Amino acid sequence: PSVPRHTNRLINEKSPYLLQHAHNPVDWYPWGQEAFDKAKTENKLIFLSVGYSTCHWCHVMEEESFKNKEIGEIMNEHFVCIKVDREERPDVDKVYMTFVQATSGGGGWPMSVWLTPDLKPFAGGTYFPPEDGVHRVGFRTVLLRIAEQWKENKDALLESSQRILEALRHTSEIRVRGQELPPPPKEVMDTCFQQLSRSYDEDYGGFSKSPKFPTPVNLNFLFTYWALHRTTPEGARALQMALHTLKMMAHGGIHDHIGQGFHRYSTDQHWHVPHFEKMLYDQGQLAAMYSRAFQISGDEFFADVVRDILLYVSRDLSDQAGGFYSAEDADSYPTTTSTEKREGAFCVWAAEELRALLPDPVEGATEGTTLGDVFMHHYGVEEAGNVDPMKDPHQELKGKNVLIARCSPELTAARFGLEPGRLRALLQECRQRLASARAQRPRPHLDTKMLAGWNGLMISGFAQAGAALAEQGYVSRAAQAAAFLRTHLFDPDSGRLLRSCYRGEDNSVEQSTVPIQGFLEDYVFVIQALFDLYEASLEQGWLEWALHLQHMQDKLFWDPKGFAYFSTEAGDPSLLLRLKDDQDGAEPTPNSVTVTNLLRAACYSGHMDWVEKAGKILAAFSERLQKIPITLPEMVRASAVFHHTLKQVVICGDPQGEDTKEMLHCVRSVFSPNKVLMVADGDSAGFLYRQLPFLSSLERKDGKATAYICSNFTCSLPVTSVQELRGMLSP
């Protein structure tokens with residue numbers, strides 16, 4: 001590679017996204033005091049650009065504007081330019097995204113915001129084309145106009161930025177008002193179900209026409225709604241909506257049929273043409289959702305999808321030290337000699353390419369049938385490509401095919417006169433052959449940043465899958481990742497989590513010079529993961545660490561006046577707002593998940609003030625939960641669990657004994673949204689016995705493994721039969 005003509009301060013950063021911009025002609029600064037001081041000293045406006053390394057439009061804006069020498073000169077002359085990786089600094093991203101959404105009615109990445117020297121926003125947007133077009137003003141023009149305004153109307157700009165900040169403070173505040181109580185759970189659950197039901201796509205599943213997102217939070221809500229209403233028509237519909245959505249996604253092009261795992265979202269109604277990046281948080285949550293679908297339905301189809309996701313993560317998103325990487329990009333070079341990246345190039349196929357790779361005649365099939373014929377029919381391949389040009393504005397997928405399972409295996413088998421079992425084996429052989437061919441293509445960029453919160457979501461995925469599918473290997477992988485977090489993303493001296501670490505050049509794990517402290521989401525998702533891991537492994541050390549982190553979360557983030565948790569700690573002068581997220585999105589909002597975490601923590605520790613805190617969170621969000629519960633499906637789900645009281649399922653027995661294992665298998669194979677599992681193994685010096693003295697009074701009956709269902713530490717009569725236990729587990 002040629003020697004870069006420009007190098008800026010981002011060369012000293014660890015974030016893959018910031019390093020992508022280290023050779024722009026723009027004099028980028030990372031977010032920090034050096035940039036703030038320069039803006040104040042030189043009385044310059046700040047241009048803040050926020051994105052992430054696998055963001056398609058971020059790449060486009062870099063190519064068009066940030067690599068443009070003339071635009072770079074305008075930026076350097078008039079502004080102090082700051083680059084932020086939103087995955088490293090969700091706190092900075094959230095403050096300015098709140099502004100962009102409030103002032104423009106939309107948001108997204110790359111986010112472009114202009115700030116006064118004291119960091120107050122006054123203008124912003126997302127992607128800007130470099131030059132003026134018919135419908136859009138170009139980035140160059142915007143830069144020059146804003147620089148002119150600062151010169152001519154500085155006082156008016158400053159005044160306007162102060163007013164904007166006050167308005168944002170007021171509108172973004174979430175707090176308990178007066179003597180508010182948690183909202184009535186039945187009404188909130190029913191309203192949320194009705195709102196989801198109205199937006200449900202009966203044909204293809206999912207909750208909008210297009211674009212279509214996986215939204216695991218909706219599916220999780222529907223599973224809980226079904227569990228609490230399983231004898232009603234509404235309960236049956238909730239389950240049908242969730243299972244049908246999961247099936248259609250798995251058949252669709254959003255699912256990588258050759259390389260496993262799921263892409264970010266679908267651009268169309270049919271789950272066919274995706275945006276091709278793959279995010280860790282999607283894999284973790286979807287592994288958990290498909291595991292639940294398998295628990296509920298017993299259908300091996302869902303178990304196979306779980307294995308598919310976890311194979312992808314183990315192979316492509318795993319660091320050798322045990323952590324999980326953040327994402328894989330959508331764009332890559334089509335061939336080793338290409339000079340321009342294209343979206344989806346790694347994943348799509350031309351019909352002639354498939355014919356050349358799968359020329360073998362199929363014995364026993366109708367005359368003249370080749371492997372290619374069978375595969376192309378099953379996966380909807382067309383000679384001229386199967387991508388609607390409307391979904392391909394840049395013509396990057398012209399003549400290419402995104403694989404989508406168009407037929408059931410039974411229909412494809414009948415079409416070619418094959419047995420379904422034989423067809424499955426043939427399709428598997430085709431997929432392996434294509435995977436080998438695809439391995440020769442240039443791979444998309446891998447974001448090797450490792451984030452505590454997203455690792456937490458993935459640990460939950462592995463732990464829940466290990467428990468539901470009775471696969472010990474998955475539980476071991478979850479434990480390896482949790483040990484990685486304790487080594488690399490936890491400071492034992494302060495007892496606090498760190499946000500991120502990075503893969504070094506020699507595959508070592510590196511930390512930035514000034515480590516980024518963990519945010520609320522890191523604590524919440526890691527605590528959830530540790531509870532899931534305890535239930536799957538019964539290692540009490542994970543429980544102990546989870547309770548320690550919950551105490552730390554309370555100390556750093558709890559709002560004693562308005563209730564609920566702030567997303568960030570107090571005391572950072574560069575953050576103008578301390579916010580509480582109020583919407584479950586691609587990931588659930590931390591306050592939603594923490595309600596269930598607090599209830600689980602109380603069950604494992606006996607600290608009932610955590611139950612009180614959970615109620616206070618629901619009270620703080622009460623107005624939103626009653627008006628538009630569809631924006632917080634995970635919190636609605638948690639409110640139902642709060643009002644139903646968690647069941648403590650206690651198994652007294654030797655964890656290695658066959659009778660105990662049988663009971664554990666029974667508990668883990670049943671989907672019950674309001675249970676926690678623990679084993680009383682008779683070790684009275686153990687952590688659980690010290691936390692929960694009532695365990696000492698429980699004993700085995702007739703020397704056999706015995707189960708007790710307890711509520712608020714009051715227990716049922718002992719149960720020694722697995723059938724009886726199964727009956728007691730339904731909500």
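Author: What follows is a set of questions and answers about this chain, which is a predicted model.

Reader: What makes the radius of gyration of the chain agree with that of a compact globule?

Author: With 731 residues, a compact globule would have a radius of gyration near 27 Å, and the chain has 27 Å, so the two agree. Along its principal axes, the C-alpha trace spans about 85 × 75 × 50 Å, and the chain contains 27 helices and 21 strands.

Reader: Why is His21 called buried?

Author: A residue is called buried when its relative accessible area is under 20%, and His21 has 1% relative accessibility, so His21 counts as buried. His21 is placed in the loop between helix H1 (16-20) and strand S1 (29-30). Leaving aside neighbours within four places in sequence, the residues in contact with His21 include Trp28, Glu62 and Phe66. Over the whole chain, buried residues make up 60% of the 731 residues.

Reader: Why is Phe563 counted as buried, and what is said of its phi?

Author: The cut-off for buried is under 20%, and Phe563, at 18% relative accessibility, therefore counts as buried. Its phi is positive, at about 70°, although Phe563 is not a glycine. Most residues other than glycine have a negative phi. Phe563 lies in the loop between helix H20 (540-557) and helix H21 (590-605).

Reader: Why is Asn507 called partly exposed?

Author: Partly exposed covers the range between buried, under 20%, and exposed, over 50%; Asn507 has a relative accessible area of 35%, so Asn507 is partly exposed. Asn507 also has a positive phi, near 65°, and is found in the loop between strand S16 (500-503) and strand S17 (509-510).

Reader: How do you know that the buried residues of helix H27 are on the same side?

Author: The buried residues of H27 (residues 722-729) are Val722, Leu725 and Leu729. They cover an arc of only 60° around the axis, and therefore they are on the same side of H27. On the other side of H27, Gln723 and Gly727 are exposed. Among the elements that cover the buried residues of H27 are strand S18 (647-652) and helix H25 (658-669).

Reader: Which peptide bond involving Pro110 is cis, and what is its omega?

Author: The bond joining Trp109 and Pro110 is cis, with an omega of about 5°, and Pro110 lies in the loop between helix H5 (90-104) and strand S4 (111-115). The peptide bond from Ser210 to Pro211 is also cis, with omega near -10°. Most peptide bonds are trans.

Definitions and conventions: Residues numbered from 1 in each chain as written. Predicted model: local features only at pLDDT ≥ 70, side-chain atom pairs only at ≥ 80, totals over all residues. Heavy atoms only, no water. Helix = DSSP H or I, 4+ residues; strand = E, 2+ residues; numbered from the N terminus. Rg over C-alpha atoms; globule rule 2.2 N^0.38 Å. Buried < 20%, exposed > 50% of the residue type's maximum accessible area, 1.4 Å probe, protein only. Contact = heavy atoms within 4.5 Å. Arc of directions from axis to C-beta.
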